Amino acid sequence: MTPRWFTALLLGLVELVSTEVFFTDEGCVRAMLGESAVLPCTYNKSTQRLLSSNISALWTSEEEGEMVKKMWRLGEEEMLNRTDHARARMPSLGPQTGDFSMTLAGIVTTDTKSYSLHISFDGGERSSVLCTVCLRVGAHFSFPSVQRGEVDSKGKTHFECHSRGGYPQPTLHWLLNATDVPPEGSVQTYTQPLQDSELFNITSILTVNIATDVPVACAIENHVLNETFSTTDWPEEVQVSPVVARASEAMWVFSTVLFVLVGLMVAAVIIFQTKWNGSRSRRHHVHTDDSDSEDTDIITVDMRNLDTLAETDV
């Protein structure tokens, strides 16, 4: 393998590993607003024809026309015959790798359209369409916030759901008790475009007659990014039956008594250990005094009978 082929293969592998392309349910490339997107296009036949011909590759869009164009002569790029879009680029080693994907930077909402790659051989006027790729643009909405209002005079409770800064306009769903759909006419939803931005805020108000212990969920669905964010409002007061309350109280009393008993046992062990160490210390001291007295012989002499003692020759 020549160094040139090795370089082309290495760059192709790097491009494959570092590029991650996401598709929507309809098969379009999914792009994040403000980021970059890769529109994949690969020449699946043998690259020998690409290396032995003079070829031209051109990406076009429905509205902007020519996006980026490059020409190669026997695998060598002709720098004087290239047209680059301000935000689009194409690999220089297309003939070596067969990869003619287009990378589009700084994605905006108007990039939501279809793009085509046209390729021609040996200066032919007629070019064939190698790939057609559609692009869909989206932006993440924030997790919805749900606020529970007061109960009005008719016994109905007002809930407000709000989510910020996404694209395009999402679908909002309310659920009562995790499964029930609100009755018709109880929901009012508004979308508001942000000033000097292409993003949207969405607010929905639910007015429904519902028990205070029923959870209410609000979900925001972004179809382009295939995302659904949901938040549930749980009732603040949870009803506890008397049996559960008595069981909890009994468990608390049992835990308290057990804690006191353990504390008393620990204190008793410490006191016993202290006394035991003191007793051992005293016994050791007495034993030492007795040993000293046994090792010493005491001789008593009566001075008054000293003269009567018989003389002894030494």
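Buried means under 20% relative accessible area, exposed over 50%, and partly exposed in between (1.4 Å probe, protein chains only). This is a predicted model, in which local features need pLDDT of at least 70, side-chain atom pairs count only at pLDDT 80 or more, and totals for chains, interfaces and linings use all residues. Residues are numbered from 1 along each chain as its sequence is written, and side-chain values use heavy atoms, with hydrogens and water left out. The whole structure contains 3 disulfides, a disulfide being a pair of cysteine sulfur atoms within 2.5 Å. Helices (H or I, at least four residues) and strands (E, at least two) are DSSP runs, numbered from the N terminus.

**Cys28 and Cys134**
- The sulfur atoms of Cys28 and Cys134 are joined at 1.8 Å.
- The disulfide is left-handed because the torsion about its S-S bond is about -105 degrees.

**Cys41 and Cys131**
- Cys41 is bonded to Cys131, with 2.0 Å between the sulfur atoms.
- Cys41 lies in the loop between strand S3 (37-39) and helix H2 (48-51), and Cys131 in strand S10, so parts 90 residues apart in sequence are tied together.
- Cys41 counts as buried because its relative accessibility is 1%; Cys131, at 13%, is also buried.

**Cys161 and Cys218**
- Cys161 and Cys218 form a disulfide with an S to S distance of 1.9 Å.
- The pair links strand S12 (residues 157-166) to strand S16 (residues 216-222), 57 residues apart.
- Both Cys161 and Cys218 are buried.
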